[in-house]
Amino acid sequence: MTVSVLTITIAVLVLAVALFVFRAVPGVRAFFKFRGTRLVTCPETHEPEAVDVAAGEAALGAFYNEPTLRLNQCSRWPERENCGQDCLSQVEADPQNCLVWSIVAKWYEGKSCVFCRKPIGPLHRLDHAPALLGPDFKTSEWNSVSPEELPKIFSTHQPVCWNCHVTESFRRLHSGLVTDRPLEPKRTM
Ligand SMILES: [Zn+2]
């Protein structure tokens with residue numbers, strides 16, 4: 001009798017764990033799918049805006065099989081915090097390609113630094129961020145720019161590698177300390 005009660009308890013526990021894992025998988029998947037800042041075209045202004053989906057809530061919704069997609073942040077907030085969030089249909093239609101990270105990676109793809117001509121290479125989260133050279137000849141890292149400004153900036157700025165960005169920033173900020181030496185002809189013994 002005790003053995004059968006124990007067997008049933010274990011069976012129920014195993015079933016509960018299996019059910020939890022079965023429901024947790026789509027939840028975790030939804031979390032990774034919807035996290036991160038995205039660029040959408042605002043249905044009201046037809047301008048690019050940066051939005052963040054409430055990824056934790058989307059994960060819980062997927063766990064309970066009640067899909068819920070809601071914005072957590074938008075570059076038009078707090079002024080338009082009560083909008084209908086119609087832009088969410090753009091996120092749902094193509095969650096990957098509207099990620100700011102994907103848009104930036106795509107822009108730098110195949111481009112070379114405007115100063116040293118070295119290829120910028122693929123974006124890596126742990127690497128130093130590449131930079132942009134503006135029409136004012138100032139360089140800035142791409143992630144220091146407001147995401148919603150990026151589409152406009154990409155049409156007026158040029159790619160700069162991180163090393164050249166550091167050099168150029170130093171040159172600009174400490175112009176008195178930098179001397180550009182002309183190349184000396186090679187000496188022969
Ligand atoms: Zn460079």
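Tutor: Start at the zinc ion. Its four donor atoms (N, O or S within 2.8 Å of the metal; 3.2 Å for Na, K and Ca; water is not among the atoms, so sites may look incomplete) subtend angles of 103 to 113 degrees, so the arrangement is tetrahedral. That label requires four donors with all angles between 85 and 135 degrees. The model is predicted: local features need pLDDT of at least 70, side-chain atom pairs need 80 or more, and totals for chains, interfaces and linings use all residues. Numbering runs from 1 along each chain as its sequence is written, and side-chain values use heavy atoms, without hydrogens or water.

Which residues hold the zinc ion? The protein donors are the SG atoms of Cys 113, Cys 116, Cys 161 and Cys 164, lying 2.3 Å from the metal. Along the chain, these donors follow the spacing C-x2-C-x44-C-x2-C. Cys 116 sits in the loop between helix H4 (100–108) and strand S4 (131–133), while Cys 164 belongs to helix H6 (residues 162–173), so this pair ties together parts 48 residues apart in sequence. Helices (H or I, at least four residues) and strands (E, at least two) are DSSP runs, numbered from the N terminus.

Are these two cysteines buried or exposed? Cys 164 counts as buried, at 13% relative accessibility. Cys 116 is partly exposed, with a relative accessible area of 30%. Buried means under 20%, exposed over 50%, partly exposed in between (1.4 Å probe, protein chains only).

Now follow S4 into its sheet. S5, S4 and S6 form an open sheet in that order, with antiparallel pairing. Strand S5 (139–141) and strand S6 (158–160) are the edges; each has a single partner strand, so one side of each lacks a neighbour in the sheet. Neighbouring strands here are turned by 35 degrees against each other on average, direction ignored. S4 and S6 pair over three bridges, antiparallel; pairing needs at least two DSSP bridges. In that sheet, Leu 132 stands opposite Pro 159 of S6. H6, the helix that carries Cys 164, lies across S4, S5 and S6 and runs at about 130 degrees to S5. Angles run from 0 to 180 degrees between N-to-C directions.

Thr 41 stands opposite Pro 48 in S2. The hairpin of S1 and S2 has six residues between the strands, and His 46 takes a positive phi near 60 degrees there.

S2 leads on to helix H2 (residues 55–63). The buried residues of H2 are Ala 55, Ala 58, Ala 59, Gly 61, Ala 62 and Phe 63. They pack against helix H1 (2–34) and S2. After H2 comes Asn 65, with a positive phi near 60 degrees.

Phe 63 also belongs to an aromatic cluster with Phe 20 and Tyr 64. Tyr 64 itself is exposed, with a relative accessible area of 56%. Rings of Phe, Tyr and Trp (its six-membered ring) pair when their centres lie within 6.5 Å; planes over 60 degrees apart are edge-to-face, under 30 stacked, the rest tilted. The count comes to six aromatic pairs. One of them joins Phe 31 and Phe 32: ring centres are 5.5 Å apart and planes at 85 degrees, so it is edge-to-face. Phe 31 is partly exposed at 33% relative accessible area. Phe 32 is partly exposed too, at 48%.

Definitions and conventions. Four donors count as tetrahedral if all angles lie between 85 and 135 degrees; four count as square planar and six as octahedral if opposite donors are over 155 degrees apart and all others between 65 and 115; anything else is irregular. Contact means heavy atoms within 4.5 Å.
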